[in-house]
Amino acid sequence: FETMLSTIAVDSGKWYAEGKVDNHSSVTLFGIIDNDQWTNQASGYHITGDMTNSFSYANDGRLVNAGDTEGWGSTYTTNDIIGIGMDLTNNKLYFSKNGTWQNSANPSTGTNGVTIADKLFHFAITNRTSDFTSFNFGNAPYTISSGNTDENGYGNFEYAVPSGFLSLCTANISEVLG
């Protein structure tokens, strides 16, 4: 397994990112991970439930957080785009598949989000070394067809950014975090 993290970690505000499954053969997880837990662990830890403050949406539809919630969401595979809405104002987390929010969630209204701790989090992807995934924090490394921005006009996303959420970029960071 390999885990990739966003270079920026945040502990307040509402943030949006997308991840694309470029090549899927076995295990892919999109989610977030607590910075303190990540940096204090030995190598080999992933967002697969090894840590209490890591949360992920697995390709088989499970919600993973120190245990599994089977049948939580839809399965996903190659070419699917997973949206992650991290609401650190209300300590909630949301996942979408190809623009459809999972578990009947709506991040714009705060409905059915996964409860998360009040921590410093990174966006994260874990997958097997034979699988390939890409993260989009507003500058898509893959071709998109629609070109959605956040309410500040930043980003280039395939799907609409939920109301009140921002792309994870330095311009938005300085506005939200000062």
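This is a tour of one predicted model, taken as a series of selections.

**Whole chain.** Start with everything shown. The chain has 178 residues, and 49% of them count as buried. Its secondary structure consists of 2 helices and 13 strands. The chain exposes about 7600 Å², of which carbon and sulfur atoms supply 42%. Among contacts with a separation of 6 or more, 60% are between residues 24 or more positions apart.

**The open sheet.** Next, select β1, β11, β3, β4, β5 and β6. These 6 strands form an open sheet in the order β1-β11-β3-β4-β5-β6, with antiparallel pairing. The edges are β1 (2-5) and β6 (68-69); each has a single partner strand, so one side of each is left without a neighbour in the sheet.

**The largest nonpolar core.** Now select Trp15, Ile32, Ile84, Met86, Leu93, Phe95 and Phe123. Of the 26 residues in the largest nonpolar core, these touch the most other members. At least two residues of this core come from each of β2 (14-23), β3 (28-34), β4 (54-58), β7 (81-87), β8 (92-97) and β11 (121-127). Apart from this core lies another, of 7 residues; Trp101, Ala105, Phe157 and Phe165 are among them. In soluble globular proteins, nonpolar side chains tend to be buried together.

**Aromatic rings.** Show the side chains of Phe, Tyr and Trp. The count comes to 13 aromatic pairs. Begin with Phe30 and Phe135: their ring centres are 6.4 Å apart and the planes stand at 75°, so the pair is edge-to-face, the term for angles over 60 degrees. Phe30 is in strand β3 and Phe135 in strand β12 (residues 132-136), so this pair links distant parts of the chain, 105 residues apart. Are these two residues buried or exposed? Both Phe30 and Phe135 are buried.

Phe123 lies in strand β11 and Phe135 in strand β12, so the pair ties together parts 12 residues apart in sequence. Phe123, like Phe135, is buried.

**The aromatic cluster.** Which residues form one aromatic cluster? The cluster is made up of Phe30, Tyr57, Trp72, Tyr76, Phe95, Phe123, Phe135 and Phe137.

How values were computed. Residues numbered from 1 in each chain as written. Predicted model: local features only at pLDDT ≥ 70, side-chain atom pairs only at ≥ 80, totals over all residues. Heavy atoms only, no water. Helix = DSSP H or I, 4+ residues; strand = E, 2+ residues; numbered from the N terminus. Buried < 20%, exposed > 50% of the residue type's maximum accessible area, 1.4 Å probe, protein only. Contact = heavy atoms within 4.5 Å. Areas by Shrake-Rupley, 256 points an atom, 1.4 Å probe, with all protein chains shown as cover. Core = buried A, V, L, I, M, F, W, Y, C linked by side-chain atoms within 4.5 Å. Phe/Tyr/Trp six-rings, centres within 6.5 Å; stacked < 30°, edge-to-face > 60°. Pairing = 2+ DSSP bridges.
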